[in-house]
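Subject: Structure for your review

Dear colleague,

Please find the structure below, together with its sequence.

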Amino acid sequence: MKGYVFLVLLLMISCKKSEINLNTSVIDEELDLRYEVLNQLIDNERMSTEEKNDIFIVPLKSVYLFEKREDESLPLSVILKYDSVFLIRDSAYYKNQAKTTFNFKLDTTKIKRPLQYATEEDLDKLTENGKKDFWVAFRTKFGNKCFRKLSVPFFNKEKTMCIVENSISCGYLSGSGYTAIYKKINGKWVEIKIVEQWIS
């Protein structure tokens with residue numbers, strides 16, 4: 001009898017561990033769609049004409065969706081507000097998507113155009129101990145190029161629209177960026193609205 005009770009307890013513990021593992025790993029159901037958007041944006045004329053196609057893609061920024069900016073202390077990111085595209089009634093879906101975008105790691109083999117990549121760590125190392133000027137060190141290592149950052153595409157619940165931040169830096173007071181909403185029309189992600197823009 002003791003052996004039977006022990007076996008039942010062992011099975012219950014094993015099942016609990018499996019449940020915990022399933023709940024902690026977040027599956028990105030929109031992964032293929034994210035790469036579809038990224039590839040279209042990288043091939044976009046607005047990007048391809050810049051700097052003779054010499055573009056660095058550094059790790060993508062995450063998107064967070066909160067009702068107020070004060071809701072949480074967050075790293076540098078795109079912060080969205082609920083509106084007519086990102087409906088508050090779908091908040092559970094968006095908060096779950098925010099978790100998957102936070103864990104997103106760029107798989108460079110899924111980007112169709114050949115690009116040169118750098119990481120945030122690569123850029124940070126250029127000015128270690130504050131001894132070097134960033135852009136002098138950048139030009140020494142990479143030549144006369146710019147670096148670009150994209151946010152992880154963040155979709156509405158129907159997956160018909162997404163929001164992406166796109167920025168480029170080319171030197172002192174030579175940078176720009178914008179956050180735009182894209183809509184899928186006839187198989188293409190078309191920019192329909194710019195929600196934020198900056199230039200230096």
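What percentage of the 200 residues in the protein chain do buried residues make up? The share is 38%, where buried means under 20% relative accessible area, exposed means over 50%, and partly exposed lies in between, with a 1.4 Å probe and protein chains only.

Please note that this is a predicted model, in which local features need pLDDT of at least 70, side-chain atom pairs count only at pLDDT 80 or more, and totals for chains, interfaces and linings use all residues. Residues are numbered from 1 along each chain as its sequence is written, and side-chain values use heavy atoms, with hydrogens and water left out.

Overall composition

The protein chain contains 6 helices and 9 strands. These are DSSP runs numbered from the N terminus, helices being H or I of at least four residues and strands E of at least two. Of the contacts (heavy atoms within 4.5 Å) between residues at least 6 apart in sequence, 56% join residues at least 24 apart.

The nonpolar cores

A nonpolar core is taken here as a set of buried Ala, Val, Leu, Ile, Met, Phe, Trp, Tyr and Cys residues joined through side-chain atoms within 4.5 Å. The largest one has 19 residues, and those with the most contacts inside it are Val37, Leu38, Cys162, Val164, Tyr182 and Trp189. Two or more residues each come from α2 (31–43), β7 (161–171) and β8 (174–185). Helix α2 gives the largest share, 6 residues. Apart from this core lies another of 10 residues, including Tyr82, Val85, Tyr94 and Met161.

In α2 the buried residues are Leu33, Arg34, Tyr35, Val37, Leu38, Asn39, Leu41 and Ile42. An α-helix has 3.6 residues a turn, so residues three or four places apart point the same way. The 13 residues of α2 should span 18 Å at 1.5 Å a residue, and its end C-alpha atoms are 19 Å apart, which agrees; the expected span is 1.5 Å times one less than the number of residues.

In β7, 11 of its 11 residues are buried. Cys162 has a relative accessible area of 0% and is therefore buried. Leaving aside neighbours within four places in sequence, Val164 contacts Val37, Leu41, Leu150, Ser151, Pro153, Tyr178, Thr179, Ala180 and Tyr182.

Strands count as paired if DSSP finds at least two bridges between them. Strand β5 (residues 146–150) runs antiparallel to β7, joined by 4 bridges, and Leu150 stands opposite Asn166 in β7. Strand β6 (residues 154–155) pairs with β7 in the antiparallel sense over 2 bridges, with Phe155 and Cys162 as bridge partners. These two strands, β6 and β7, form a hairpin with 5 residues between them, and Lys159 in the turn has a positive phi of about 60°.

On pairing with β8, β7 is again antiparallel, over 10 bridges, and Ile168 has Ser176 as its bridge partner in β8. The hairpin of β7 and β8 has 2 residues between the strands; Leu173 in the turn has a positive phi of about 50°.

The disulfide

How many disulfides does a search of the whole structure find? The search finds 1, a disulfide being a pair of cysteine sulfur atoms within 2.5 Å. Cys146 and Cys170 form it, with their sulfur atoms 2.1 Å apart. The pair links distant parts of the chain, Cys146 in strand β5 and Cys170 in strand β7, 24 residues apart. The torsion about the S-S bond is about 110°, so the disulfide of Cys146 and Cys170 is right-handed. Both Cys146 and Cys170 are buried.

Yours sincerely
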